[in-house]
Amino acid sequence: MAFGGLLGSRIRPGRRFRAVVAHLVGGLVLGIAAADLMPAASNSGHPVALAIGFCLGFSLLLVINAVLEEPHDSPEHERARPMLLLMLPFLVDSLIDGLVVGISSEAAEQHWVIPVAVGLEMGLATLGLGTLLGRGASRWRSAVSGALMAVTYLIGLRTSLSITDGLQGPALTGTLAFGTAALIYLVVEEVMKEAHARGEDDSGLVNVAFFIGLLCIWLLDCVTS
């Protein structure tokens, strides 16, 4: 994330590169949710806690998205906004991502896959934010944006360790379901929505990357089992 912020004012990734990485990350994250997290939560035998945790997970992110969403029909939309106001949605997202990674990777058989996949997604996010902040301004803003997102990610990760320490039974099931819902929201409402936005590369070759990500997780589970 810090590296993405440093590069933000110097390079601009091409549409195909952004699209391929976004689809690959989406497939990896969704594969982890389907192959590891959902079975881990459902096998614990606490359906009520599972339902509550899952509903709390996507509801929280829906509320955060509604609060931080820009009003596209506002006349202020085209004006330059202060740096902190522009960064606020990214900081909240990195905090939630750190929380979800800490919760979810403990239950996944391949502990390294979720941090790598979310790290790729957040690295691209800081690269995009750094590019935006670096336009016509000092490059230090791009570096600061990446560093702040990295710090908030670590805060979320550390908080997750405190939350999950000693959790057992229904509490653990609800926490896993919460993380699963947040990861699915990340794929559907953030990664894939941006990948299929107007002007992005949406070719068939790019879309194959999504299924390659899913297949990688499936094969990893087959090999390890």
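**Exercises on the packing of helix H7**

In this predicted model, Ala22, His23, Gly26, Val29, Leu30, Ala33, Leu37, Met38, Ala40 and Ala41 of H2 are in contact (heavy atoms within 4.5 Å) with Thr173, Leu176, Thr180, Leu183, Ile184, Val187, Val191, Met192 and Ala195 of H7. Residues are numbered from 1 along each chain as its sequence is written. Local features need pLDDT of at least 70 and side-chain atom pairs count only at pLDDT 80 or more, whereas totals for chains, interfaces and linings use all residues, and side-chain values use heavy atoms, with hydrogens and water left out.

**Exercise 1.** Determine how H2 is oriented relative to H7 and classify the residues of their contact.

*Solution.* Begin with the axes (lines fitted to C-alpha atoms, for helices over the stretch in contact, with angles from 0 to 180 degrees between N-to-C directions): those of helix H2 (residues 15-42) and helix H7 (residues 169-195) come within 9 Å and cross at roughly 160°. H2 is therefore roughly antiparallel to H7, a term that applies to angles over 145 degrees. Turning to composition, the residues of the contact of H2 with H7 comprise 15 nonpolar, four polar and no charged, where Asp, Glu, Lys and Arg count as charged and Gly is among the polar residues.

**Exercise 2.** Carry out the analysis for H3 and H7.

*Solution.* The axes of H3 and H7 lie 7 Å apart and their angle is about 40°, which means that H3 is oblique to H7. The contact involves, among others, Gly53, Phe54, Gly57 and Leu61 of H3 and Gly174, Ala177, Phe178 and Ala181 of H7. The residues of this contact divide into 15 nonpolar, five polar and no charged.

**Exercise 3.** Locate the salt bridge of the structure and relate its partners to the helix.

*Solution.* The structure holds one salt bridge, defined as a side-chain nitrogen of Lys or Arg within 4 Å of a carboxyl oxygen of Asp or Glu. Glu189 pairs with Lys193, and their closest N and O atoms are 2.7 Å apart. Because Glu189 and Lys193 are four residues apart in helix H7, about one helical turn separates them.

Conventions: Helix = DSSP H or I, 4+ residues; strand = E, 2+ residues; numbered from the N terminus. Parallel < 35°, antiparallel > 145°, perpendicular 65-115°, else oblique.
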